[in-house]
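Q: I have a new model to look at, and I'd like to go through it piece by piece. Where do we begin?

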Amino acid sequence: MAAPSERGPVRRSPYRRSALTLSPDRRPSTDHEQPIPDTADLGLRSDCGSCFGLCCVALPFAASADFAIDKDAGRPCPNLQTDFRCGIHTDLRRRGFPGCTVFDCFGAGQKVSQVTFGGRDWRQAPETARQMFDVFPVMRQLHELLWYLTEALSRPAARPVHAALRAAREKTEGLTRAGAQELTALDVPAHRGEVNALLLRTSELVRAGVPGRKKERRGADLLGARLKGASLRGANLRGACLIAADLKGADLRTADLIGADLRDADLSGADLTDALFLTQSQLNAAKGDAAAKLPRGLSRPVHW
């Protein structure tokens with residue numbers, strides 16, 4: 001599966017985490033807590049040039065509206081070149097691979113490539129291939145959790161659980177630096193359950209500050225729903241199916257969108273300011289325009 005950004009030259013140097021500087025939306029707190037680092041500083045943004053094309057090899061996909069062909073897990077995509085670049089990167093959507101433009105590993109690819117396996121790629125060291133491909137989806141889940149935990153810690157309203165969130169982030173970060181065998185043996189669902197309880201509490205605390213009655217649509221089937229101009233501020237839309245929903249001009253400020261399926265949802269003119277747990281991958285899967293208001297730290301997809 002090709003990554004959403006073009007692969008640059010593969011670097012063999014060790015993975016290095018940048019200094020923990022603050023972005024404009026990660027201001028220091030006033031109660032002497034440590035400042036919250038940006039997700040880029042934590043290595044939670046994809047750096048395809050430091051990855052060995054793992055999303056293009058390790059993960060399976062089936063011929064569908066998202067992918068033009070079937071591919072088994074562990075088999076390189078035919079579009080993956082010897083330098084780990086995507087051969088059709090600039091033409092993925094037209095060639096029938098929009099799913100590749102949506103995928104985001106949250107920085108797991110470079111972590112596995114440069115930390116777990118010390119810069120040895122699966123072509124030069126084929127004996128590492130199977131284990132590397134098994135580790136990648138585990139690492140991706142851990143990095144996704146780190147993304148959510150980092151956002152949760154940036155929310156002042158979640159201060160009552162900041163200590164627990166920090167502990168969970170430290171534990172998760174420690175797991176990402178474990179060895180390959182330990183990672184493949186990790187009980188990921190159990191760890192996700194622990195973190196999710198904290199994210200749920202964060203959501204409750206943040207949305208409690210939104211005036212008025214909040215809609216509870218957790219896990220709702222809203223496939224193709226007509227929600228143009230809907231007031232969904234502070235709504236619970238966790239895990240909701242919003243595929244092809246009409247959300248033009250909808251108010252989604254501070255709505256909890258963790259796990260919501262936004263494929264082909266129309267967000268033109270929608271207000272997503274301060275939306276909770278929204279990811280770049282979700283935006284990439286949706287439709288939109290220049291009038292849509294996005295949370296800080298997320299980019300307007302090029303196809304909008």
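A: With one term: contact means heavy atoms within 4.5 Å. The model is predicted, so local features need pLDDT of at least 70 and side-chain atom pairs count only at pLDDT 80 or more, while totals for chains, interfaces and linings use all residues. Residues are numbered from 1 along each chain as its sequence is written, and side-chain values use heavy atoms, with hydrogens and water left out.

Q: How many helices and strands does the protein chain have?

A: The protein chain has 7 helices and 0 strands. Both are DSSP runs, numbered from the N terminus: helices are H or I with at least four residues, strands are E with at least two. The pattern along the sequence is α-α-α-α-α-α-α.

Q: What share of the 304 residues is buried?

A: Buried residues make up 53% of the 304. Buried means under 20% relative accessible area, exposed over 50%, and partly exposed in between (1.4 Å probe, protein chains only).

Q: And contacts between residues at least 6 apart: what percentage join residues at least 24 apart?

A: 51% of those contacts do.

Q: Which residue just after H2 has a positive phi?

A: Gly118 does, with a phi of about 55 degrees.

Q: New topic. How many residues are in the largest nonpolar core?

A: The largest nonpolar core has 51 residues. Such a core is a set of buried Ala, Val, Leu, Ile, Met, Phe, Trp, Tyr and Cys residues joined through side-chain atoms within 4.5 Å. Leu237, Leu247, Leu267 and Leu272 have the most contacts inside this core. H3, H4 and H6 (188-207) are the elements that give two or more residues to the core. H3 provides the largest share, 7 residues.

Q: Where does Asp256 lie?

A: Asp256 lies in the loop between H6 and H7 (280-285).

Q: Why does Asp256 count as buried?

A: Because its relative accessible area is 0%.

Q: What does the side chain of Asp256 make a polar contact with?

A: With the side chain of Arg238, at 3.1 Å. A polar contact is a pair of N or O atoms within 3.5 Å; within protein, one must be able to donate a hydrogen and the other to accept it, and residues adjacent in sequence count only if both atoms are side-chain atoms. Beyond four places in sequence, the contacts of Asp256 include Ser203, Arg207, Leu276 and Phe277.

Q: And Arg253: buried, partly exposed or exposed?

A: Arg253 is partly exposed, because its relative accessible area is 28%. Arg253 also sits in the loop between H6 and H7.

Q: How many residues apart are Arg253 and Leu272?

A: They are 19 residues apart in sequence, and 5.0 Å apart in space, C-alpha to C-alpha. Not counting residues up to four places away in sequence, Arg253 touches Leu232, Arg233, Gly234, Asp271 and Thr273.
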